[in-house]
Amino acid sequence: MSTGGTIAIIGAGIAGAAAAHRLHAAGRRVVVFDKGRGPGGRMATRRGPDGLRFDHGAQFFTARDPRFAARVEDWTARGVAAPWGGPHRHAGTPGMSAPARDLLVGIDLRCARAVGRLVRDGEAWRLEETDGTALAEGTAFSTVMLTCPSPQSLALLAGAGRDLPGLGDVRYAPCWTLMLAHDGPPPFDGPVREDRDPDAVFAWIARDDTKPGRDGGTLVAHAAPAWSRANLEEPADRIAERLVAALKTLVPVGAVRHAAAHRWRYAQVERAVGADCLFAPETGLGFAGDGCLGPRVELAYLSGLALAERVIDGRAP
């Protein structure tokens, strides 16, 4: 059984952070791994030159479930989040990664560690990097919780000869994101400009500088899913040039001081599992994230919380 021992969480986005926080509060030993330089996952904050910062992933979150609403109220009271962009919308402060960082305080977090392989060792698991180097000094984990996107999770499971039914059904839309700093006045009124036309270049343009504590003259623009799919494998510098040109046809942007593009291959869930999490207590393997319930920060948080509860109880969903 997998109800005791050290727990590995792969992915330090909001689902992994929520799971780790709950398990830590229950007295369980947790180690969180993430291939990025810091936590947050798609609740990401990118630094640019001259101290610029861009929330280039998830733009905001809402709270409908009482459990998440209580968490957001606490974050807001402590300055980890603040209202932004419309009724019931919140953003992390000073960046979107702040809520995940807050949940992971006091927890063993190991960033810049790409888990490449799960190795069965008796009734436990060991983690290896892609080159076969042991992670966590070869620690044996009773439970491995996967909170990275489902294609990455499926690859790890396949390498271990395992599966979690339903995980392969998840589908994502990609997104190219433009991060831009400019001189001059704001290019439009209000914090956000949205376009729901599926044939448009951009689905979302945000004046990032309207968020609390952000720098002036910064925009984040998300290309629409169809455009992103059609241009998914283009070089990032070429994408940045094309998106800047497209943006200038829509809004009056001043002199560009900085422009960069980032590709989110698994940006937004289009089809979810339809369960709050997946867990196989007989193997100690589980999955949580927006791939379970749908494309909202709140739903990813609740999925991570649900998986943590399953692990604590040692039972399947």
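**Aromatic contacts**

1. Phe68 counts as buried, because its relative accessibility is 0% (buried means under 20% relative accessible area, with a 1.4 Å probe and protein chains only). Trp75 likewise counts as buried, at 0% relative accessibility.

2. The model is predicted, so local features need pLDDT of at least 70 and side-chain atom pairs count only at pLDDT 80 or more, whereas totals for chains, interfaces and linings use all residues. Residues are numbered from 1 along each chain as its sequence is written, and side-chain values use heavy atoms, with hydrogens and water left out.

3. The structure holds eight aromatic pairs, where rings of Phe, Tyr and Trp (its six-membered ring) pair if their centres lie within 6.5 Å, and planes under 30 degrees apart count as stacked, over 60 as edge-to-face and the rest as tilted. One of them joins Phe68 and Trp75 edge-to-face, at 5.9 Å centre to centre with 85 degrees between the planes.

4. Phe68 also pairs with Tyr301, and this pair is tilted because the planes stand at 50 degrees, with the ring centres 4.9 Å apart. Since Phe68 lies in helix α2 (residues 66-77) and Tyr301 in helix α8 (residues 297-313), the pair ties together parts that are 233 residues apart in sequence; helices here are DSSP runs (H or I, at least four residues), numbered from the N terminus.

5. Phe61, Phe68, Trp75 and Tyr301 form one aromatic cluster, and both Phe68 and Tyr301 are buried.

6. The charged end of Arg89 sits over the ring of Phe60, 4.2 Å from its centre (the criterion being NZ of Lys or CZ of Arg within 6 Å of the ring centre and within 35 degrees of the ring normal). Lys211 lies over the face of Trp84, at 4.6 Å from the ring centre.

How values were computed:
Buried < 20%, exposed > 50% of the residue type's maximum accessible area, 1.4 Å probe, protein only. Helix = DSSP H or I, 4+ residues; strand = E, 2+ residues; numbered from the N terminus.
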